[in-house]
Protein chains: 4
Amino acid sequence: MTQVIVLNGGSSSGKSGIARCLQAVLPDPWLSLSVDTLVDAMPLSLRSSDAGIDFAADGEVIVGPEFAKLDAAWTEGVAAMARAGARIVVDDVFLGGAGSQQRWQKRLDGLDVLWVGVRCDSAVAAAREVARGDRVAGMAASQADVVHEGVYYDLEVDTTRREALDCARAIAERVTRAQ
Amino acid sequence: MTQVIVLNGGSSSGKSGIARCLQAVLPDPWLSLSVDTLVDAMPLSLRSSDAGIDFAADGEVIVGPEFAKLDAAWTEGVAAMARAGARIVVDDVFLGGAGSQQRWQKRLDGLDVLWVGVRCDSAVAAAREVARGDRVAGMAASQADVVHEGVYYDLEVDTTRREALDCARAIAERVTRAQ
Amino acid sequence: MTQVIVLNGGSSSGKSGIARCLQAVLPDPWLSLSVDTLVDAMPLSLRSSDAGIDFAADGEVIVGPEFAKLDAAWTEGVAAMARAGARIVVDDVFLGGAGSQQRWQKRLDGLDVLWVGVRCDSAVAAAREVARGDRVAGMAASQADVVHEGVYYDLEVDTTRREALDCARAIAERVTRAQ
Amino acid sequence: MTQVIVLNGGSSSGKSGIARCLQAVLPDPWLSLSVDTLVDAMPLSLRSSDAGIDFAADGEVIVGPEFAKLDAAWTEGVAAMARAGARIVVDDVFLGGAGSQQRWQKRLDGLDVLWVGVRCDSAVAAAREVARGDRVAGMAASQADVVHEGVYYDLEVDTTRREALDCARAIAERVTRAQ
């Protein structure tokens, strides 16, 4: 039985929309947690500082030591929720590529995880970033490819020309249910 | 010189995204106002009541007499902003089709208006409604076609397979500037 | 009959809460519009630029020429909504004191306006700014007194030790109804 | 060393404001998590259904079996985050009084927890609920007393006449730091 679905993709690639659609199409109730959930839980001071997370003018995201420490505890906690019986969709941005995945693999050890890559053409993601109007310009383009470098996936979806709901249905087909 | 751009389309057809992209691509500053701006300005009691606006379980929107009265004053005010020199993108949902357009035509009399229809395939709009996760299910499908009935447009765009930014660029090309 | 209620006070003085309470206690439906409604309608580029509105590190708000131009059209439009029959609660921050009031007085000419000062002790407003967690630190303290300089009021309320709902009730008592 | 601060109080008693102030005044970075974080992570279908959480017209909150199951996993996960080194402020509404506290006590076993009661006069909380304008009317009044029944606290604060920041300072004084 799939216990955790990890969606990895750049900013504005459509991860949150897919997560909401997964909650709608999967027969059981799934929790949807995201790196944004973690950022929102952090002190205001860490949300824009060298010790926390910072957004350079060109959209680059810089993560500091205090952020990394809280992030480690957060991922540990998400794994514990899954072990305690909650089925969880996590969406994240693997800024460190394969290294970011290893940090989740270590914490999710022993759990049945479905790894999903969420691709989106860089120019299209950048266009959607403008339409959203709430993100630092440049994040979508700068993250589009780098987050997938060296990452292992069970399944990849591409939102460039496919609706989030269709992507979610493809993912849902791969989710196994306990007998 | 175009003074007002009116975007009309059903729920989840992509109007707000196009409005934000228009603000980004048009060289002068434009205000973006929407029927949501009006709804947010209303008393909580009118936001879900027979006298105000109500959302049936199937997504149908019912507008009452008090809502209509405030809406009339609102459109009058938006026209006055344009006459006072602000360039404005309005996005609306013409639940009454041609009748809804006439109400704007009357208020915007004498202003240079660009009428834009925002189309989106009904099934795709319904899928995007699920991905947004913040709208009453069924609104997108029930409004997709009816809002365009008998409505005159200078230009129509279709978000089914075209990004909001591209649609905005096509609209921006049609916006005339004073010499 | 009072047609417009103007609430003026510094950031975190409690204006929005009073506006919502006024909508709840006044027998007729009133629209609630704020300088935040205007800022949200502006292009992203004007929300943080020299031409638009800018927030200095110490919380000072700097308004540029493009902002001022759109603001002028906006206030004209709000006045037109009131003339067209909508009863409106406006909340604003008179950064220019008496000068900011004159700009409204000119636009609201001929309308029956109730001018309300919303006071809050500077240290208390600063404390509430921390509790909100979504405002630039320092705005509350820097605006607390300056916004009232030379301003005429029909009524003043103080939220330092009085709930927004009580303040709203005091204001509602002063609102006259048509016979 | 205090590892978890649990704030318990009724709706509109001021818990979130205190949590944000605690993050601002405590020297180390603390995560702030709330029952709202959990509700936001749930599928839309559970947010208003018999199986999930439901809000009766009088403001009563009804929690169903699916909600309770995810809540159990959630609290387990929050405890794991604390064990992994994150310091956490949790704010919750103990609808079941002492029973709700026992569920946390069981999960937080072995951790150094500071239990804080957040009181607010029922009429004042109801007034603040109107000023917020985003909560079901009646929740504040119906929860004000019942959530404290039989609950053990290390410290109680009362927001009726005291600012969130002052309450946070009182709590911060009781937080012990590792030597």
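A cavity, in these legends, is a set of points on a 1 Å grid over the protein atoms alone where a 1.4 Å probe fits but cannot get out, and its lining residues have an atom within 4 Å of a point. Please keep in mind that every view below shows a predicted model.

**Figure 1. The lining of the second largest cavity comes from chain B.** This cavity has a volume of about 50 Å³. Its lining is made up of B:L33, B:S34, B:V35, B:L38, B:D71, B:W74, B:V78, B:V90, B:D91, B:D92, B:R103 and B:W104. By class, seven of these lining residues are nonpolar, one is polar and four are charged. At least two lining residues come from each of β2 (30-34), α2 (35-41), α4 (65-83), β5 (87-92) and α5 (98-107) of chain B.

**Figure 2. A look at the largest cavity, with C:S34, C:V35, C:W74, C:V90 and C:W104 nearest its centre.** The count of cavities of 30 Å³ or more comes to six, and the largest one holds about 60 Å³ of space. Its lining has 13 residues, which divide into seven nonpolar, two polar and four charged. Two or more lining residues are given by each of β2 (30-34), α2 (35-41), α4 (65-83), β5 and α5 (98-107) of chain C. Which of these elements gives the most to the lining? That is α4(C), with four residues.

**Figure 3. Strand β1 of chain C, covered on both faces.** In a regular strand, side chains alternate between the two faces of the sheet. Follow β1(C) with that in mind: C:V4, C:V6 and C:N8 lie on one side, C:I5 and C:L7 lie on the other, and all are buried. The strand spans residues 4-8, and five of its five residues are buried; here, buried means under 20% relative accessible area.

**Figure 4. The strands that pair with β1 of chain C: β5 and β6.** In which sense, parallel or antiparallel, does β1(C) pair with β5(C), residues 87-92? The pairing is parallel, over five bridges, and C:V4 stands opposite C:I88 in β5(C). Strand β6(C), residues 113-119, also pairs with β1(C) in the parallel sense over five bridges. Here you can pick out C:L7 with its bridge partner C:V116 in β6(C).

**Figure 5. Positive phi at B:S12 and at C:S12.** Start with chain B, where B:S12 is found in the loop between β1 (4-8) and α1 (15-25). Its phi is near 65°, a positive value in a residue other than glycine. Is B:S12 buried or exposed? Its relative accessibility is 7%, so B:S12 counts as buried. Now move to chain C, where C:S12 lies in the loop between β1 and α1 (15-25). Phi of C:S12 is near 65°, again positive in a residue other than glycine. C:S12 counts as buried because its relative accessibility is 7%.

**Figure 6. Chains A and D, superposed by a rotation of 180°.** Two copies of a chain are related by a rotation about an axis and a shift along it. For chain D on chain A, the rotation of 180° comes with 0.0 Å of shift along its axis, and the RMSD is 0.0 Å. The two copies are therefore related as by a two-fold rotation axis. To find the axis in chain D, look for D:G77: its C-alpha is the nearest one, 2.2 Å from the axis. Of the interface residues of chain D, 100% are also interface residues in chain A, so the copies meet through the same surface.

Notes. Residues numbered from 1 in each chain as written. Chains lettered and ligands numbered in written order. Predicted model: local features only at pLDDT ≥ 70, side-chain atom pairs only at ≥ 80, totals over all residues. Heavy atoms only, no water. Buried < 20%, exposed > 50% of the residue type's maximum accessible area, 1.4 Å probe, protein only. Pairing = 2+ DSSP bridges. 1 Å grid on protein atoms, 1.4 Å probe; cavity = no way out; pocket = protein on both sides within 12 Å on 5 of 7 lines; lining within 4 Å. Points joined across faces, edges and corners; volume = space filled by probe spheres on them. Nonpolar A, V, L, I, M, F, W, Y, C, P; charged D, E, K, R; others polar. Least-squares fit on C-alpha atoms with pLDDT ≥ 70 in both. Contact = heavy atoms within 4.5 Å.
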